[in-house]
Amino acid sequence: MSRYDPNTSPSLILRVRESNDSGSWETFEAVYSPVVRAYCRRRGIQEADIDDLVQEVMTSVAKAIRNFDYDPSRGKFRSWFGTITANRVKTFLSLRSTRNRHLQHSAEKAIHFSDSIIESDWDLVFCQEVLRAACNRICPRFENETWSCFEKTWLANRPALEVASELGLPIHTVYVNKSRVLKQLEQEVRMLAEDFPLLAQDPTNAEAT
């Protein structure tokens, strides 16, 4: 049984904002650099330029986060971080648009995207990458069989009955294992990003309890 207790662990955003803990910043970079990277790819930036742009964004965040108005109940972090990233991307593309025709086309395309499209793209990659990071962080806390039940049913969206047959387990065990992982997954994503949208409700939870 896992000894992990999210109630003893302040949110990552709060730890980074209010302390000089280098370990918290390393975790922050590990979780959020891939978000910026994925967003850059969606904006059509070439792989050769993404590393520098990610570093620019993370440097800007490191300088600004101490003054960030921390209020997780209002869902501000995701939009604040997205605004910094989107502005850096626009500036990057504008400055380099005259050097390369492909980049020029990408810059024009990115600069003229509506705010709603940019925001929806940001929210998509933010949720995908934070969820991916949370899964990677909690996976070692579970036995292989428990994780397989979750991975095959919730991540791969396969029928529980099919997974139970494949793993040689009672279907109730599949439901219980998936529920156990989902509970810790929700705790983890809320520790990493307090304004993360609620995970989809699991209709099997009632059967598993």
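**Figure 1. R158 and N157 in the loop between α7 and α8 of a predicted model.** R158 belongs to the loop that joins α7 to α8, where helices (H or I, at least four residues) and strands (E, at least two) are DSSP runs numbered from the N terminus. At 25% relative accessibility R158 counts as partly exposed, given that buried means under 20% relative accessible area, exposed over 50%, and partly exposed in between (1.4 Å probe, protein chains only). Not counting residues up to four places away in sequence, R158 touches K152, T153, V163 and E166, a contact being heavy atoms within 4.5 Å. N157 lies in the loop between α7 and α8 (160-167) and has a positive phi of about 60° although N157 is not a glycine; with 66% relative accessibility, N157 counts as exposed. This is a predicted model, in which local features need pLDDT of at least 70 and side-chain atom pairs count only at pLDDT 80 or more, whereas totals for chains, interfaces and linings use all residues. Residues are numbered from 1 along each chain as its sequence is written, and side-chain values use heavy atoms, with hydrogens and water left out.

**Figure 2. The packing of α7 against α9.** The two helices, α7 and α9, pack at an angle of about 85° with their axes 8 Å apart; axes are lines fitted to C-alpha atoms, for helices over the stretch in contact, and angles run from 0 to 180 degrees between N-to-C directions. The helices α7 and α9 are therefore roughly perpendicular to each other, since angles under 35 degrees count as roughly parallel, over 145 as roughly antiparallel, 65 to 115 as roughly perpendicular and the rest as oblique. On the α7 side the residues that take part are E145, T146, W147, C149, F150, T153 and W154, and they meet V174, N177, K178, R180, V181, L182 and L185 in α9. T153, a residue of helix α7, is buried, with a relative accessible area of 5%. Leaving aside neighbours within four places in sequence, T153 is in contact with R158, A160, V163, V174 and K178.

**Figure 3. The largest nonpolar core and the surroundings of Y32.** A nonpolar core is a set of buried Ala, Val, Leu, Ile, Met, Phe, Trp, Tyr and Cys residues joined through side-chain atoms within 4.5 Å. Of the 49 residues in the largest such core, F28, Y32, F77, F81, F126, V130 and L185 touch the most other members. Two or more residues of this core come from each of α1 (12-18), α2 (22-42), α3 (47-64), α4 (76-96), α6 (115-138), α7 (144-155) and α9 (171-192), and α6 gives the most, with 10 residues. With neighbours within four places in sequence set aside, Y32 is in contact with L12, I13, M58, F77, F81, F126, V130, L192 and A193.

**Figure 4. Two threonines of helix α4, T83 and T85.** T85 lies in helix α4 and, at 0% relative accessibility, counts as buried. Beyond neighbours within four places in sequence, T85 is in contact with V36, Y39, V57 and W122. T83 is also found in helix α4, but at 45% relative accessibility T83 counts as partly exposed. T83 and W122 are 39 residues apart in sequence and 9.2 Å apart in space, C-alpha to C-alpha.

**Figure 5. Cysteines C135 and C149.** The structure holds 0 disulfides, a disulfide being a pair of cysteine sulfur atoms within 2.5 Å. For C135, which is in no disulfide, the nearest cysteine sulfur is that of C139, 8.4 Å away. C135 counts as buried at 9% relative accessibility, and C149 counts as buried at 0%.

Figure 6. The protein chain averages a pLDDT of 81, and 75% of the residues score at least 70, pLDDT being the predictor's confidence in each residue, from 0 to 100.
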